[in-house]
Every structure is written in C-alpha cells, then in structure tokens.
Amino acid sequence: MEVVIVSDAKAGGELIAGAMAELLRHKPDALLGVATGSTPLPIYQALAATVGAGGVDVSRARVAQLDEYVGLPAEHPESYRSVLRREVLEPLGLDLDAFMGPDGTAEDVRAACEAYDRALAEAGGVDLQLLGIGTDGHIGFNEPCSSLASRTRIKTLTEQTRVDNARFFEGDIEQVPHHVITQGIGTILEARHLVLLATGEGKADAVAATVEGPVAAVCPASALQLHPHATVVVDEAAASKLK
Ligand code: F6R
C-alpha cells in the first residue's frame, strides 16, 4: 500500500484525477469504479476540468457504481444513480449507457446483487476503484465486521452512518434508507487499482487503523493492505494520527 499525504482535499482531488486521466490515455474504455459522498467531489471536479481543457478524452470511459440505497427509486435525487449522474456522468459528458450499477429497487435483491457481481466481471473488471472511508472504517457500505471475502450484497446501515448521511436528506434521519446494496470487500479487492481518499480530522482514526492497524474486519478498509496496488491519499488532517 502506498500512502500519499497532500496539503488539502483539492490537492488530493487533482492528484487522483491525474491518475484517472493517465489511465484513460492508455485505456480509453477503462472501467472506473466511483463512490458517492462528499470526499470524492474534488476528484470529479478536477477530472471534469481536465476534460474541459482538452487534457483527456473520456468519451469511451465506463463508470461503475460502488453502492446503492435499497428502495429509493432510481429517479430519487438522492439515489446514488442520480447522485453519480449529477456529479460524474454529466460533468464528464457521459450518458447512462456508460454506467452500470446494482438495481436498488429489484424485488429479488439477492439476485440483483449476484447479477451485479457477474456484470462487473463480464465488463472485464474495474480498472480503478475510488473509495471514501467512513468514520468507522467502512468502505462501500461494508460496515465493521463485514467479511473481508464478502461479495455484493444487501447490508443494514449502522445508526452512525444514517446519522452521517442525514445531511443529504434535509437533515432528517427518518428519510435515510436502512438498507443498501454494496459491493463486497472481496468484490472491491478485485479492482486492478484501489484509490482511497480521506480528508479531514474526522477520518484520522479510521485512516490510522486502515494503514497501520492489523488487517481485521473491525476496520473493513484495512483489507486494502491485502491488495497489490492500493493507494491511500490523505490530507494532513486525516494523516494526523499516523505514526
Ligand atoms: C459511498 C461510500 C461510502 C463513503 C463514506 C465516506 O458511495 O461508499 O463508503 O465513501 O461513507 O463518505 P464521505 O465522503 O461523505 O465522508
């Protein structure tokens, strides 16, 4: 695992967007795994700026979703499909044909999860997977004590994660779904390059456990230590508890 400490979130976003642009120059139809939440926004902004300046052609890029709420209609503004359309696809000039994700409204959620794992494999696998990290060390929505070998499946959000995400639902925790479909840790580890961005002091404990703690299900992100090509980009605040 390589750890890169940057001055702030903007610098982290630019660094990672640069790596994504480089990948797309070598592999124009690369499959990019994308996360939602606040952390990756500087990445998406920097990549869109590079595209806007003619620095890279993303017209053949493909985009895969990391996780999705269960039960929110796809057109709900906070479904992750809607969020990613707003934050990633539209700024990059991509349409939904370039996008793949699990069906959070499927009647048979289990079958939808298995179908998504199969679809990722049939698409050739994720080339570069972006990850954020929860204050509790989750990646995707693999909350603490998720199996490190887990596949895409339905998970129950912890109360803490629902509190954290209430800001996207007018601050009203009642509107935050209880369940999500998330790529499993085993699924995530199949991507060829994992890139985790963490910014702010609130992530410092989780980053220390990820980078310097034992590989253990209590900190799902520690599974990145098992991956041959994992990059953890942190700002100084998020790095503040590293030894
Ligand atoms: C979202 C996701 C989550 C977030 C994490 C951090 O798709 O996979 O693991 O990355 O909850 O969220 P932020 O960036 O909002 O702190």
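**Ground rules.** I number residues from 1 along each chain as its sequence is written. The model is predicted, so I ask for pLDDT of at least 70 for local features and 80 or more for side-chain atom pairs, while totals for chains, interfaces and linings use all residues.

**Whole chain.** I looked up the secondary structure first. The protein chain has seven helices and ten strands. Both are DSSP runs, numbered from the N terminus: helices are H or I with at least four residues, strands are E with at least two.

Next I checked the overall dimensions. The C-alpha atoms fill a box of roughly 45 × 40 × 35 Å along the principal axes.

Then I looked at burial. Of the 243 residues, 45% count as buried. Buried means 20 or more other C-beta atoms within 10 Å of the residue's own, exposed means 12 or fewer, partly exposed lies in between, and C-beta atoms are placed from the backbone.

I also looked up contacts. Among those with a separation of 6 or more, 78% join residues 24 or more positions apart. A contact needs C-beta atoms, placed from the backbone, within 7 Å.

The unreviewed UniProt entry annotates residues 10-225 as "domain: Glucosamine/galactosamine-6-phosphate isomerase". Its positions are in the numbering used here, feature names are shortened, and annotations may be inferred rather than shown by experiment. Over residues 10-225 I find 35% helix and 14% strand. The end C-alpha atoms of that stretch are 25 Å apart.

I then went through the pairings, where DSSP must find at least two bridges between strands. E4 and E8 (residues 179-182) share three bridges. Tyr69 stands opposite Val180, and Asp67 has Thr182 as its bridge partner. E7 and E8 share four bridges. There, Lys155 is partnered by Val180 in E8.

Note on methods:
Two residues are in contact if their C-beta atoms, placed from the backbone, lie within 7 Å.
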